[in-house]
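User: Hey, I've got this one open and I'm new to it. Can you walk me through it?

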Amino acid sequence: MGRSSAYWNSNLYTVETEEPASTAPLTDLAAPLAARFEAVRSGLLTIDGVGEQVRFMGPMWRWAWEYGMGNRKLCWLHLMRGSVDVTFTLTENDESRLGKGAKLAKALAKSIEEGQRTGPVKWCWMELEDRRVVDVFLSLARRKAEWLSERPAPRRAPRLHGGSSSSAGEAD
């Protein structure tokens with residue numbers, strides 16, 4: 001999953017203060033890459049509940065197209081000079097739902113196998129090198145969206161103000 005700094009330096013959109021329009025890659029990429037971007041973008045946006053946000057993701061990722069369902073993230077598209085790429089996460093539960101030993105498309109299987117686990121999620125990356133790979137990824141994205149919609153949205157514990165939690169408990 002780890003990409004080199006040369007890879008990240010090939011991001012089409014590098015300047016933090018210059019937010020690209022969500023459709024900018026349609027004119028900024030070479031025609032075959034623009035067609036792949038349009039295919040994956042439109043496929044993601046047809047999934048019920050999925051929204052798009054163009055976000056500056058720091059000095060490494062720079063500008064990325066983020067797709068999520070509320071605060072839960074489905075994937076990030078990276079628009080590079082010579083490719084359209086995607087990063088997505090899978091939990092252990094997601095991986096088990098894909099099925100151990102299941103016949104996955106080669107590009108997807110490789111992406112998952114090479115993914116890097118950080119805490120509860122595995123970060124996977126793949127190049128959307130042709131329409132077939134775009135379709136494979138969109139199939140996974142639809143499944144992941146279904147899984148996300150089955151789980152309740154994570155909630156943060158309320159913050160206690162004005163004292164420690166032990167003194168608050170003693171007051172009860």
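This is a predicted model: local features need pLDDT of at least 70, side-chain atom pairs count only at pLDDT 80 or more; totals for chains, interfaces and linings use all residues.

User: Let's start with M126. Is it buried or exposed?
Analyst: M126 is buried, as its relative accessible area is 3%. Buried means under 20% relative accessible area, exposed means over 50%, and partly exposed is in between, with a 1.4 Å probe and protein chains only. Residues are numbered from 1 along each chain as its sequence is written, and side-chain values use heavy atoms, with hydrogens and water left out.

User: OK. Where does M126 lie, and what does it touch?
Analyst: M126 lies in strand β6. Not counting residues up to four places away in sequence, M126 touches D85, V86, F88, A107, L108, S111 and V133. Contact here means heavy atoms within 4.5 Å. Strands are DSSP runs of E with at least two residues, helices are runs of H or I with at least four, and both are numbered from the N terminus.

User: How far is M126 from L77?
Analyst: Their C-alpha atoms are separated by 9.9 Å, and the two residues are 49 residues apart along the chain.

User: Zooming out, how many helices and strands are there?
Analyst: Eight helices and six strands. Along the sequence the pattern goes α-α-α-β-α-β-β-β-α-α-β-β-α-α.

User: And how do the strands go together?
Analyst: The six strands form an open sheet in the order β1-β2-β3-β4-β6-β5, with antiparallel pairing. The edge strands, each pairing on one side only, are β1 (51-56) and β5 (116-118). From one strand to the next, the twist averages 25°. Two strands count as paired if DSSP finds at least two bridges between them.

User: How many bridges join β5 to β6?
Analyst: Three bridges join β5 to β6 (residues 121-127). T118 has V121 in β6 as its bridge partner.

User: What about β2, is it enclosed or open?
Analyst: All seven of the seven residues of β2 are buried, so β2 is largely enclosed by the rest of the structure. W63, W65, Y67 and M69 point one way from the strand, and A64, E66 and G68 point the other way.

User: Which strands are joined to β2?
Analyst: Six bridges join β1 to β2, and five join β2 to β3. E52 has Y67 in β2 as its bridge partner, and W65 has L77 in β3. The hairpin of β2 and β3 has two residues between the strands, and G70 there takes a positive phi near 65°.

User: Which helices lie across the sheet strands?
Analyst: Among them is α3 (residues 31-45), which lies across β1, β2, β3 and β4 (83-91) and runs at about 170° to β3. Another is α7 (residues 131-150), which lies across β2, β3, β4 and β6 and runs at about 155° to β3. Axes are lines fitted to C-alpha atoms, for helices over the stretch in contact, and angles run from 0 to 180 degrees between N-to-C directions.

User: Switching topic: how many aromatic pairs are there?
Analyst: Ten aromatic pairs turn up in the whole structure. In one of them, the rings of Y13 and W65 have centres 5.5 Å apart and planes at 50°, so the pair is tilted. That pair links distant parts of the chain, with Y13 in the loop between α1 and α2 and W65 in strand β2 (residues 63-69), 52 residues apart. Both Y13 and W65 are buried.

User: What makes a pair "tilted"?
Analyst: Rings of Phe, Tyr and Trp (its six-membered ring) pair if their centres lie within 6.5 Å; planes under 30 degrees apart count as stacked, over 60 as edge-to-face and the rest as tilted.

User: Which rings form a cluster?
Analyst: Ring pairs link Y7, W8, W61, W76, W123 and W125 into a cluster.

User: Last one: where is N11, and what does its side chain reach?
Analyst: N11 is in the loop between α1 (5-9) and α2 (25-28). Its side chain reaches the backbone oxygen of W63 at 3.2 Å. N11 is buried, with a relative accessible area of 1%.

Technical notes: A polar contact is a pair of N or O atoms within 3.5 Å; within protein, one must be able to donate a hydrogen and the other to accept it, and residues adjacent in sequence count only if both atoms are side-chain atoms.
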